[in-house]
Amino acid sequence: MEKFKEWLWKNRIVGLYFIFSVMTEIMSVFSVEKYPFITSPFIGLGILLFICGIVSCINSNVIKSIILSVCLIFQAVLDIGFAIVYDMTGQYFDFGMLNLRNDAFGILESVTVNFVTFYASVFFCISYVIFARRIISKEKKMVNNRLQKNICRGVAVFGIAMTLFTVYLNNSILVDKYDKMLNSKQDSNYRNYGIVGNLVNEFGKGIFFNKEKKISSKKIDSFIYKEVSKPTDYFGVSKDNNVIVILTESFEWFSFINNSDEYPYGLNLSDEVREKLFPNLYKFYNESVVMDNFHSKEKTDISETLSIMGSYPSNAYVDYDYPENTIPTTVPNILRELYGDKISINSFHDGYKTFYNRNITHKTFGFSKFSSMSDMFNISDSLVKSGKADKPTMNDYASTGERNLDSEMINTCKDKMFVTDKRFYTYITTITSHGIYYERKNLAQNRKMILKYYKPHAQNEEMEGILIDYMSTIMDFDKALGIMMDDLESKGLLDKTTIVIFGDHNSYYQELSGYVKDLEDYTTDRNYTDLYKVPLMIYDKNLGHKVIGKFTCTSDIVPTITDLLGINTYSNLYYGNSVLSDEESVLYSRAYGFFVGDGVLARSMNNILFKSNKVPEDYMSDFKIRSKSLVKKIKYCDQIFYQNYFADKTHYEKYIDKMQEINH
């Protein structure tokens with residue numbers, strides 16, 4: 001026993017590494033979750049035991065210290081990196097994010113450092129190096145006998161076995177992921193496994209456990225064609241209308257609406273001033289159907305796809321995992337099938353064409369042409385050459401590190417967006433209001449106008465500056481909206497066009513949304529789900545102005561458009577409901593892994609993270625029923641993606657025949 005104690009003492013360089021590694025992970029998880037404990041630490045502990053077991057077999061303390069220092073620094077870099085990703089996006093790492101790495105980071109102007117993780121990691125790394133050097137100065141070498149080496153090897157084998165077994169239990173086909181999605185009692189990924197543990201778990205899931213249990217064609221067909229959408233009282237009122245859908249980047253009500261109850265730290269501007277700064281948004285608001293309880297909790301690529309297709313796979317990214325699938329269920333493909341060449345179907349985005357693989361996926365979605373900023377520069381040049389413009393209508397601000405202007409995009413492309421020779425469906429994704437927010441040269445005039453009127457709140461000078469910069473971006477969208485509405489009116493198209501404008505997600509960059517709404521965590525007395533409440537407005541002469549207060553979400557956009565156009569669909573293929581119906585949807589966030597209802601946020605039905613004190617118990621019962629129904633839809637829609645179901649000619653033709661049948 002004395003010899004064993006002596007051996008442990010001489011191996012204290014390994015023990016110190018174990019302790020410092022655990023402390024680094026705990027502090028990193030705390031910085032993200034504000035909760036220091038890891039509830040299922042077996043993956044991380046297994047990796048630690050493996051490293052400690054292997055290194056303990058080495059006789060030289062110098063070599064041990066070098067290897068363990070590198071391991072600790074590598075862990076610190078991972079923790080810092082993923083904590084920063086979480087702070088920037090609110091997302092936990094999952095394997096599919098590797099496909100988005102260029103898009104996700106290429107669109108950011110700067111990186112905000114998570115100082116808790118950074119300083120804690122640096123402290124533990126430096127401390128370990130100092131202690132290790134002191135130990136080395138006393139004992140540079142030790143000798144392991146055969147028994148001690150066998151014990152070390154056993155620890156290493158046990159550690160790697162524990163890691164692999166835990167990853168297997170988490171992700172194997174023995175686990176019904178849809179039951180887990182609905183009923184799991186687990187907390188968030190980092191709280192469950194730690195940051196490094198989650199990384200290993202996701203890699204294991206992505207590489208070794210990425211096969212889905214196949215559901216038979218008979219069952220899928222039975223599910224798809226089981227239910228036809230229920231027409232609302234507004235079904236077909238805009239049957240022959242043009243349609244414009246505008247995804248407005250990071251769009252928030254507080255940008256132009258003055259409501260101190262919901263936005264206590266909004267900019268101190270009067271209603272009259274806001275109307276002067278945002279005249280077109282005010283006018284649009286007062287002439288539209290307004291969903292003032294609309295929520296979105298996705299990244300741009302998912303929100304965009306949901307508003308075109310109405311569904312999304314639960315464990316993949318359409319733009320990269322299924323870019324060339326056959327998807328006849330999108331709005332563009334349905335319109336193309338029903339109306340053929342009588343309708344023009346195009347999409348536009350004033351960013352790079354390869355972001356989110358749009359140059360490929362938008363063809364899959366059914367758009368005849370996807371126009372990116374490079375196409376817009378060509379259009380601008382042609383306008384100058386033809387004498388229709390005195391100077392370029394589209395400037396390349398992206399090359400100087402700023403966002404391109406949405407107002408210039410609309411002005412440049414309006415004749416291609418809003419054609420007069422046939423009916424059209426036009427999808428527009430904006431970019432000017434994409435974070436991070438700072439003082440931009442191309443928005444200097446907008447910023448100057450805001451500063452002319454606003455009175456400092458004195459609550460948080462830095463955040464107010466960020467808010468001013470954000471609002472200057474929305475002023476450009478307001479200008480773009482005015483150009484569009486004037487163009488439609490001058491062409492005689494406004495009265496026969498349905499226009500949908502929605503925010504893809506809240507302005508989470510630099511924690512702006514949480515600051516303005518005074519919502520920082522689940523324990524707030526305020527309604528935490530309001531953090532994800534963003535605008536949805538529908539302009540349609542046949543609807544007029546009304547405010548709808550029921551809970552709505554991004555997946556409701558497709559059913560609403562088909563309802564207004566008088567197109568029957570098979571509702572099991574779509575996660576939402578028409579906003580004009582009595583049925584309320586549940587939001588399931590693909591990117592963030594939780595359910596959202598009216599005043600309810602849940603990791604699962606057995607793990608309610610937040611419930612407003614205004615939510616009645618009968619609502620919770622209904623919320624759970626609707627969530628269960630949604631998960632069933634997700635399960636079958638997943639299969640349609642995974643199997644590329646409609647690529648089979650028989651399945652495709654059956655769907656087309658059935659759609660023609662229910663739409664006569």
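Reply: In this predicted model, the axes of helix H2 (residues 12–33) and helix H3 (residues 42–56) come within 10 Å. They cross at roughly 160°. The cut-off for roughly antiparallel is over 145 degrees, so H2 and H3 are roughly antiparallel to each other. Their crossing is right-handed.

H2 brings Val14, Tyr17, Phe18, Ser21 and Val22 to the contact. H3 answers with Leu45, Leu48, Leu49, Ile51, Cys52, Val55 and Ser56. By class, that makes 10 nonpolar residues, two polar and no charged ones.

Stay on H2 for Leu16, which lies in this helix. Its relative accessibility is 21%. Buried means under 20%, so Leu16 counts as partly exposed. Leaving aside neighbours within four places in sequence, Leu16 is in contact with Tyr128, Phe131 and Ile135. Asn183 is another matter: 167 residues from Leu16 in sequence, with 39 Å between the two C-alpha atoms.

Now the cores. The largest nonpolar core has 151 residues. Those with the most contacts inside it are Phe418, Tyr425, Met484, Ile499, Phe595 and Tyr655. Helix H21 (residues 461–490) gives the most to this core, 15 residues. In soluble globular proteins, nonpolar side chains tend to be buried together.

Next, helix H16 (residues 331–339). Val331, Pro332, Asn333, Ile334 and Leu335 are buried there. Just after H16, Gly340 takes a positive phi of about 55°.

H23 leads on to Ser585, placed in the loop between H23 and strand E11 (587–589). Ser585 counts as buried because its relative accessibility is 3%. Beyond its neighbours within four places in sequence, Ser585 is in contact with Phe551, Cys553, Asp556, Gly576, Asn577 and Arg626. Take Phe551: 34 residues from Ser585 along the chain, yet the two C-alpha atoms are separated by 7.1 Å.

Notes: Residues numbered from 1 in each chain as written. Predicted model: local features only at pLDDT ≥ 70, side-chain atom pairs only at ≥ 80, totals over all residues. Heavy atoms only, no water. Core = buried A, V, L, I, M, F, W, Y, C linked by side-chain atoms within 4.5 Å. Buried < 20%, exposed > 50% of the residue type's maximum accessible area, 1.4 Å probe, protein only. Helix = DSSP H or I, 4+ residues; strand = E, 2+ residues; numbered from the N terminus. Axes fitted to C-alpha atoms, helices over the stretch in contact; angles between N-to-C directions. Parallel < 35°, antiparallel > 145°, perpendicular 65-115°, else oblique. Left-handed = near helix turned anticlockwise from the far one by under 90°. Contact = heavy atoms within 4.5 Å. Nonpolar A, V, L, I, M, F, W, Y, C, P; charged D, E, K, R; others polar.
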